[in-house]
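Please examine the sequence and the structure shown below. The explanation that follows starts from a single detail and then widens to the chain as a whole.

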Amino acid sequence: MEQPQEREKQLHELLSKSMVDIYVGPENTHWVLHEKLLCYRSKFFSKIFYSTSKFTGRAATSKTFGLPDEEDEPFKAFVGWLYSGFVKPPKEERELGDLFDLYLMGEKWQIAGLVKDVLDAVRTFYKQNDSFPGLRRVQYIYANTDADSPMRQLLVSSIARMLTLGDGIPAHWDKALRKNAQLAVDIIKSIQDWKISEDQVPDPREEAGEMEVKKVKVVEDAEKNMSDEKVAEVVDKTQTPEGASEDEGDKTLVNGADSE
């Protein structure tokens, strides 16, 4: 029998008297947060503060935890989301840096709701601005996530669309794809996942004949528009040199071809 889903607890139910002290970054910025709220939202913090020691059989008693590798601004955004359930949408591209760090917090601390909300904010930003992720952003996410990361997949799919619909590959992307084979492979996989219908994909085997026809047509048009003087000049260049026999002329052309 399928078990009913657990009801999402409201904020007022999670604001217990018990508090925890969190110290962030190299400056040890001090945050005092509601323990129950933090542990309810995050499996990571639940293990930190609610875990039972295998040696003593007692629950953890420490109410202090340090995050020296985190930055203040992303953590501030995390606290804002923790109490409001809202991610502030970015207005400018430069604001995406803290948002990506906030996303990485969501993955590390196993907070599915935060991961989803940041994904939605990033997706909305690029869509509303009709833009695509920059190379620096993609490289940063690649360096800090696994292959199954939703954010990595979002950025790769976006770049796949940009390159597919663009007129060419920008020089910096060309260089990056040559260095990062995995990124290039992921972009190809992303395009394959679109399941584009066969009739929408050009078939070079069929177009080859058409291209040859077009080339011939260009030559024919050029010949029609060529002036009489130009034609005479071309003819003169192909005639046998004066004073030479036809055999010698043929020999000159052959030797010339050999020398090339």
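At the start of helix α10, a side-chain oxygen of Asn180 comes to within 3.2 Å of the backbone nitrogen of Gln182. This is a polar contact, a pair of N or O atoms within 3.5 Å in which, within protein, one must be able to donate a hydrogen and the other to accept it, and residues adjacent in sequence count only if both atoms are side-chain atoms. The model is predicted, so local features need pLDDT of at least 70 and side-chain atom pairs count only at pLDDT 80 or more, while totals for chains, interfaces and linings use all residues. Residues are numbered from 1 along each chain as its sequence is written, and side-chain values use heavy atoms, with hydrogens and water left out.

Helices (H or I, at least four residues) and strands (E, at least two) are DSSP runs, numbered from the N terminus. Helix α10 comprises 13 residues, 181–193, and spans 18 Å from its first C-alpha to its last, close to the 18 Å expected at 1.5 Å a residue; the expected span is 1.5 Å times one less than the number of residues. Its buried residues are Leu183, Asp186, Ile187 and Ser190. Seen down the axis of α10, these residues fall within an arc of 105°, so they line one face of the helix; the arc is that of the directions from the helix axis to the C-beta atoms. Here, buried means under 20% relative accessible area, exposed over 50%, and partly exposed in between (1.4 Å probe, protein chains only). The face turned away from the buried side carries the exposed residues Ala181 and Gln192. Just after α10, Lys195 adopts a positive phi of about 55°.

What does the buried side of α10 pack against? Its buried residues pack against α7 (135–144), α8 (150–165) and α9 (171–179). Ser190 counts as buried because its relative accessibility is 6%. Not counting residues up to four places away in sequence, Ser190 touches Val156, Ser157 and Ala160, where contact means heavy atoms within 4.5 Å.

Helix α9 can be described in like manner. Trp173, Ala176 and Leu177 are its buried residues. Viewed down the axis of α9, they fall within an arc of 95°, so they line one face of the helix. These buried residues pack against α7, α8 and α10, while Ala171, Lys175, Arg178 and Lys179 are exposed on the other side of α9.

The chain as a whole has 13 helices and 3 strands, and buried residues make up 27% of its 260 residues. In soluble globular proteins, nonpolar side chains tend to be buried together. A nonpolar core is a set of buried Ala, Val, Leu, Ile, Met, Phe, Trp, Tyr and Cys residues joined through side-chain atoms within 4.5 Å. The largest such core has 51 residues, of which Ile22, Leu38, Phe75, Phe78, Val118 and Met151 touch the most other members. Leaving aside neighbours within four places in sequence, Leu38 is in contact with residues including Val20, Ile22, Phe49 and Phe78.

The mean pLDDT (the predictor's confidence in each residue, from 0 to 100) is 82 for the chain, and 73% of its residues reach 70 or more. Where pLDDT is low, the predicted coordinates should not be read in detail.
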